Amino acid sequence: MPQSPTTNWSFQPLHRQRSGQFQHHVLNSVPETAVLTTPPPLRKPLSLQFAGAAATNGGAAALADKTKRRYITARKKAKSTMKMLVVDTEREEALNLQIEFEWVLRQEVHAILKQLRTILVECAHRFPVPLYDNEGKKTEKFILSVSPDQLKAVLTLTGDAITQADISFKLCKAPSQTQRTSITHDSPWKLQQVQDAANHLQTAINHIDDVDDSYHFKTSDEVLHVIGNILDALQRGRNSLLVPKKKPIEELIKGRNMKSLVPNLPEDLAVSFYLQSHKLIIAVYQLLNNQGTMQFDSRQAEIGVQWLNDVLLLLMNGQKLCQQLKDKISVFSVYKDFTVGSRSPSALSY
């Protein structure tokens, strides 16, 4: 069947297409190596439309620059907004901190001081000396010994003094010989550590009593000053019981308490009673001349004392409570301009 002349329109020679002379021609095949004689269509340069306006290459660059400026401006505005939000947040935090600070000064400080006073008064009642309605003069009996019969002391502790004691010990240079002495009611052995600790405890309670219940603290420095004084007194009180003062043996031999012993000991012997932590200790010292060099030998015995353990525990609880309040107040101490009633702390001017 013959094909229409338009069937192979694209395959007609260009001069025939233009002249309008068409011949009946059937294209059976097109070789793969044939050259395309029809030129490709002409294409217009790409133009971009932005908001109804055409942009050439130069226009596109200008538009990109304008878009970049808008982006930078928006970015600056975003940064400015974020900075304002940060400042507002910091101001709000400062205001909340100020409100909490005022509440701590008006309420919590007095509540903790009251709680602390209760602890310290209870501690005072454990002392065997008259202190805050404590009758004192509590009497206890103890036996301190070191086997086999190296040292033994049977004593009575009344208040802050050993009012009676029977002491026996063996000398290192004469192990078969036993030395004996005693303490009588007429000349008791004074334990100065007990009185020192009681005095420091009294000082700590006085610092609390000096603060009137209606007084309004205005700065953190005021509270830290009071708490610092209380802590110092409590620390000195604990140290009086935990760390006995060390004395040279010559001073022990010539000490006032040695005169309480009946009969008196030879000049090369010394006896010492002291407290260390929750224990009562007796120590016996003997001077030795080793080829012209003075040395000493010692023996000691100890026993636990319940009221000492209670006192040290209560003193430690008081110190912990003080330290907790001090740490909390120290958080506010960095804002030196904080005062009660202030709502715009100048230390936080951003």
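Which order do the three strands of the open sheet have? Select E9, E10 and E11: that is their order across the sheet, and the pairing is antiparallel. Strands here are DSSP runs (E, at least two residues), as helices are (H or I, at least four), and both are numbered from the N terminus. Two strands pair if DSSP finds at least two bridges between them.

The model is predicted: local features need pLDDT of at least 70 and side-chain atom pairs count only at pLDDT 80 or more, while totals for chains, interfaces and linings use all residues. Residues are numbered from 1 along each chain as its sequence is written, and side-chain values use heavy atoms, with hydrogens and water left out.

**The open sheet**

Colour strand E9 (269–276) and strand E11 (293–304), which are the edge strands, each pairing on one side only. Neighbouring strands of this sheet are turned by 25° against each other on average, direction ignored. The angle is taken between axes, which are lines fitted to C-alpha atoms (for helices, over the stretch in contact), and runs from 0 to 180 degrees between N-to-C directions.

Next select strand E10 (residues 279–290), joined to the antiparallel E11 by 12 bridges.

Now pick Ser272 in strand E9. Is Ser272 buried or exposed? Ser272 counts as buried, because its relative accessibility is 9% and the limit for buried is under 20% relative accessible area (exposed is over 50%, partly exposed in between; 1.4 Å probe, protein chains only). Show its contacts (heavy atoms within 4.5 Å): leaving aside neighbours within four places in sequence, Ser272 touches Trp189, Leu252, Ile281, Ile282, Ala283 and Tyr285.

**Strands E5, E6 and E8**

Move to strand E5 (residues 161–170) and strand E6 (residues 178–183), an antiparallel pair with six bridges. Click on Ile183 in E6, which stands opposite Ala165. Ile183 also stands opposite Leu261 in E8. Strand E8 (residues 261–262) runs antiparallel to E6, and two bridges join them.

**Arg126**

Last, select helix H2 (residues 57–126) and find Arg126 in it. Arg126 is partly exposed, with a relative accessible area of 31%. Its side chain makes a polar contact with the side chain of Glu122 (2.9 Å). A polar contact is a pair of N or O atoms within 3.5 Å; within protein, one must be able to donate a hydrogen and the other to accept it, and residues adjacent in sequence count only if both atoms are side-chain atoms.

Which residues does Arg126 touch, not counting those up to four places away in sequence? They are Trp307, Asp310, Val311 and Leu314. The C-alpha atoms of Arg126 and Leu314 are separated by 9.5 Å, although the two residues are 188 residues apart along the chain.
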